[in-house]
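Have the structure open as you read.

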Amino acid sequence: MNVLRRTLYALGLPAVLVALWWITSVDSTSYYYPPLPDILDRFGELWLSSRFAEDVVPSMLRLLTGFSLSAVIGVAVGVALGLTDTLRRGAEPVLEFLRALPPTVLVPVIAIVAGIGDGSKVLVIVSGCVWPVLLNTVEGVRAADEVMVDTCRTYGITRGARLRHMVLPAASPQIMAGLRQSLSIGLILMVIGEMFAATNGLGFSIVQFQRTFAIPQMWSGIILLGLIGFALSALFTVVEKRVLGWYLGLRESQRKNG
């Protein structure tokens with residue numbers, strides 16, 4: 001029953017918004033605001049055909065690659081900075097400067113340096129996704145319980161064992177929070193990267209539809225992006241609950257006892 005209630009809560013507002021869109025647009029004669037039934041017709045023609053493999057699959061591969069690289073780099077560098085105060089203080093000015101640069105500004109520079117292939121698209125994603133993971137990892141590592149850290153040292157537990165069994169689990173809630181932020185940023189940067197000097201992908205297709213005034217097709221691509229974002233968020237929630245099951249259970253227990 002709880003699952004059904006949560007499902008209704010999750011789908012209730014989207015269903016109402018889609019119904020309102022349908023009702024308000026069904027008789028529309030505006031070139032830029034086509035009826036929703038026309039958009040859905042184009043959606044089926046475009047994205048439930050070979051174009052899915054030609055545009056959607058390459059986009060998702062770029063997003064997965066960029067997100068995975070951001071996760072590895074962000075966690076590795078974040079752990080190193082979080083564990084070493086001297087290294088963190090020395091690197092902080094450079095990191096703050098790089099973090100302040102909008103990733104969209106770097107797109108032309110990345111295209112010049114890395115070319116217009118998939119590598120540059122992935123690099124655009126990494127340039128924005130890595131920061132939430134890195135900064136959340138640093139804060140998570142630094143927030144580790146000092147008593148537990150001292151206890152590990154007292155009992156002679158090696159640095160590798162402390163990292164694997166104490167530091168990373170303690171920092172995992174904040175690491176997962178950074179990964180969630182990076183996922184949404186990555187989807188945005190995937191589209192932006194494909195809008196510049198690309199030959200396929202969702203961003204490329206949407207821009208091409210806009211330039212050729214294929215407005216229903218353009219709207220169908222935007223809807224598909226929204227559906228992909230929703231699906232990725234739902235999938236990440238499932239993974240997060242599996243990874244942080246111990247933490248969520250502990251928090252729920254504290255809430256009930258408190």
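## The largest pocket

By class, the largest pocket has a lining of 11 nonpolar residues, 1 polar residue and no charged ones. Here Ala, Val, Leu, Ile, Met, Phe, Trp, Tyr, Cys and Pro count as nonpolar, Asp, Glu, Lys and Arg as charged, and the others, Gly among them, as polar.

A word on terms: on a 1 Å grid over the protein atoms alone, a pocket is an open set of points with protein on both sides within 12 Å along at least five of seven lines, a cavity is a set where a 1.4 Å probe fits but cannot get out, and lining residues have an atom within 4 Å of a point. Grid points are joined across faces, edges and corners, and a volume is the space filled by probe spheres set on the points.

Which helix gives the most to this lining? That's α1, with 5 residues. At least two lining residues each come from α1 (2-25), α2 (36-47) and α10 (215-243).

## What kind of model this is

This is a predicted model, where local features need pLDDT of at least 70, side-chain atom pairs count only at pLDDT 80 or more, and totals for chains, interfaces and linings use all residues. Residues are numbered from 1 along each chain as its sequence is written, and side-chain values use heavy atoms, with hydrogens and water left out.

The chain has a mean pLDDT (the predictor's confidence in each residue, from 0 to 100) of 87, and 97% of its residues reach 70 or more. Where pLDDT is low, the predicted coordinates should not be read in detail.

## Overall layout

The chain has 11 helices and 0 strands. Both kinds of element are DSSP runs numbered from the N terminus: helices are H or I with at least four residues, strands E with at least two. Along the principal axes, the C-alpha atoms fill a box of roughly 75 × 55 × 30 Å.

## How α2 meets α10

Two of the helices that line the largest pocket, α2 and α10, pack with their axes 8 Å apart at an angle of about 75°. Axes are lines fitted to C-alpha atoms, for helices over the stretch in contact, and angles run from 0 to 180 degrees between N-to-C directions. The pair is therefore roughly perpendicular, a label for angles of 65 to 115 degrees.

On the α2 side, the contact (heavy atoms within 4.5 Å) uses L36, I39, R42, F43, L46 and W47. From α10 come P216, Q217, W219, S220, G221, I223, L224 and L227. By class, the contact has 10 nonpolar, 3 polar and 1 charged residues.

## The second largest pocket

This one has a volume of about 340 Å³. Of its 14 lining residues, G82, L83, V141, V149 and R153 are the closest to its centre. Its lining divides into 7 nonpolar, 1 polar and 6 charged residues, and α8 gives the largest share, 5 residues.

How many cavities of 30 Å³ or more does the structure hold? There is 1, and the largest cavity holds about 60 Å³ of space. Its lining includes V107, I110, K121, V124 and F196, and α5 (103-114) and α6 each supply at least two lining residues.

Terms used:
Parallel < 35°, antiparallel > 145°, perpendicular 65-115°, else oblique.
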